[in-house]
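Reader: I would like to learn how to read a model like this one. Please take me through it feature by feature.

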Amino acid sequence: MKIFAAKETKRGEQRVALTPSVVEKLVQLGAHVSVERGFGQSVNWDDASWESAGAEVKQDSKDGYAQADIVVSLNPPEPTVLDHLNHNAILISFFDPFDNTQLVSALARKRLSGLCMELIPRTTYAQKMDALSSQASLAGYAAVLIAAERINKVLPMMTTPAGTIAPGRVFVIGVGVAGLQAIATAKRLGARVEAYDTRPVVEEQVRSLGARFVKIDVGETGQTEQGYAKALTEEQLERQRRQMARYCANSDIVITTAQVFGRRAPRIVTDDMIAGMKPGSVVVDLAASTGGNVEGTVVDQEVLRHGVLLVGNGNFAGEVALDASQMYASNVFNLIAHAWDKEAARLVLDPEDDVIGTCLLTHEGDIRHPGIREAVEGST
Ligand code: NAD
């Protein structure tokens with residue numbers, strides 16, 4: 001089977017979907033791997049490193065697409081890519097399927113199979129393929145470092161002959177994978193950390209990292225079978241904001257990571273809450289690209305509101321592109337290896353398989369995920 005990866009075309013993207021060591025492992029499986037000329041330059045892999053790993057370097061991406069049985073990418077492919085592909089080709093990528101309904105519809109129309117990295121099941125077995133988690137974890141780390149760099153004070157407590165500096169205060173809103181890594185990173189830097197999530201089950205995890213779990217009464221909350229938060233009602237969100245304002249006001253850094261799968265991110269930090277914060281504080285919105293948890297954040301920009309810096313980077317994992325590429329490529333390899341028929345040296349898409357059946361977004365002309373099918377139908 002021929003596997004191809006082209007350079008990412010999304011503006012500012014430094015990450016890539018394969019690494020030389022993953023190419024070696026794919027070649028060992030019996031795959032033929034090719035990459036576009038210049039692939040991986042952003043993370044300092046030159047064409048020779050792909051060739052010595054066993055990949056062919058294609059001068060022209062169209063040639064790569066036309067011959068590929070499997071196309072691997074990180075960001076959703078441009079719709080024009082689909083025109084170059086073989087009938088029955090398999091695409092492995094993040095697809096952002098709820099927002100990219102036209103792309104999903106085109107995949108199905110062209111009878112292309114999409115293995116959607118956002119839909120990898122959140123099970124113990126599939127953890128090694130879980131690219132949402134690998135990238136979220138790095139994003140949580142990067143967010144804290146960006147905030148620490150932007151703020152005009154230190155995070156650890158310092159006792160010096162000139163006096164004692166109190167530790168910086170960090171408030172993390174949303175304690176999924178990114179939030180947990182943000183807490184751990186802020187703790188390592190010596191900050192005093194508080195955290196809040198609508199899912200009470202995370203209290204134990206927050207405490208085990210040495211942070212304080214903030215309890216806010218918003219009435220009934222819950223989580224789905226996959227462990228995702230259920231959306232709050234507008235009334236619950238309002239109650240949450242009122243109680244949370246005080247914690248934001250006391251913090252030097254607020255990091256928001258709250259997401260609800262398949263929906264726009266909830267608006268949690270309002271302009272009034274920002275106005276109540278100390279000038280010089282920093283708010284980092286990890287949900288900026290999915291609607292924003294913070295009023296006034298702008299994707300890929302840093303803006304000043306009421307003297308508070310709002311950071312709305314749309315690709316925090318891209319700040320640590322080398323490790324992010326390595327983790328993503330490893331997730332992709334584990335997915336391919338899971339579905340690989342060693343004797344036939346090919347990828348087998350078995351819709352009955354727990355992992356493949358869950359992340360197989362489109363197959364044989366169908367959109368298989370009911371929620372995404374509904375979103376596609378609703379958008380046409
Ligand atoms: P996510 O990115 O969907 O959301 C981030 C966090 O925001 C979640 O913890 C969510 O509860 C929280 N949130 C949503 N609305 C909120 C609000 N209004 N206020 C405050 N917080 C709010 O989460 P994720 O990182 O993808 O993790 C989702 C779940 O999957 C978690 O339970 C996680 O532990 C679980 N998970 C399991 C595995 C595994 O078992 N293999 C792997 C990864 C994640």
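**Reading the model**

Author: Start with one residue. At 8% relative accessibility, glutamate 194 counts as buried, because buried means under 20% relative accessible area, exposed over 50%, and partly exposed in between (1.4 Å probe, protein chains only). Two ground rules before we go on. This is a predicted model, in which local features need pLDDT of at least 70 and side-chain atom pairs count only at pLDDT 80 or more, while totals for chains, interfaces and linings use all residues. Residues are numbered from 1 along each chain as its sequence is written, and side-chain values use heavy atoms, with hydrogens and water left out.

Reader: Which residue does glutamate 194 meet in a salt bridge?

Author: The general idea comes first. Side chains of opposite charge can pair when their charged atoms come close. The rule here asks for a side-chain nitrogen of Lys or Arg within 4 Å of a carboxyl oxygen of Asp or Glu. Glutamate 194 pairs with arginine 212, at 2.5 Å from N to O. This pair links distant parts of the chain: arginine 212 lies in strand E11, glutamate 194 in strand E10 (residues 192-196), and they are 18 residues apart. Helices (H or I, at least four residues) and strands (E, at least two) are DSSP runs, numbered from the N terminus.

Reader: Is arginine 212 buried or partly exposed?

Author: Partly exposed, with a relative accessible area of 44%. Another group is a network: salt bridges that share partners join Glu56, Lys58 and Asp63.

Reader: How many salt bridges does the rule count?

Author: The count comes to 17. Among them is the pair of aspartate 130 and arginine 122, at 2.9 Å from N to O. Aspartate 130 counts as buried because its relative accessibility is 5%. Arginine 122 has 27%, so it is partly exposed. Arginine 15 and glutamate 13 also form a salt bridge, at 2.9 Å from N to O. Both of these residues are buried.

Reader: Now the strands. What sense of pairing do E1 and E2 have?

Author: Two strands pair if DSSP finds at least two bridges between them. Strand E1 (residues 2-5) and E2 pair in the parallel sense, over 4 bridges. Alanine 5 stands opposite valine 35 in E2. E2 (residues 32-36) is mostly covered, with 4 of its 5 residues buried. E2 also pairs in the parallel sense with strand E3 (residues 56-58), over 3 bridges. There, serine 34 faces glutamate 56 in E3 as its opposite residue.

Reader: Which helix makes a β-α-β unit with E1 and E2?

Author: Helix H1 (residues 20-29), and the unit is right-handed. Here is how to judge the hand. Point the strands away from you; the crossover is right-handed if the path from the first strand over the helix to the second runs clockwise. E2, helix H2 (residues 47-53) and E3 make a right-handed unit as well.

Reader: What is the strand order in the open sheet of 7 strands?

Author: Read it as E11-E10-E9-E12-E13-E15-E14, with mixed pairing. The edge strands are E11 (212-213) and E14 (302-305), and each pairs on one side only. Inside this order, E13 (residues 282-285) and E15 (residues 308-311) run parallel, joined by 3 bridges. Valine 283 stands opposite leucine 310 in E15.

Reader: How many cavities of 30 Å³ or more does the structure hold?

Author: It holds 1. On a 1 Å grid over the protein atoms alone, a cavity is a set of points where a 1.4 Å probe fits but cannot get out; a pocket is an open set with protein on both sides within 12 Å along at least five of seven lines; lining residues have an atom within 4 Å of a point. Grid points are joined across faces, edges and corners, and a volume is the space filled by probe spheres set on the points. The largest cavity has about 40 Å³ of space. Its lining includes Lys2, Phe4, His32 and Ser34. E1 gives the most to this lining, with 3 residues.

Reader: What is the volume of the second largest pocket?

Author: About 290 Å³. The lining has 20 residues, of which Lys7, Thr9, Tyr65, Glu78 and Val81 lie nearest the centre.
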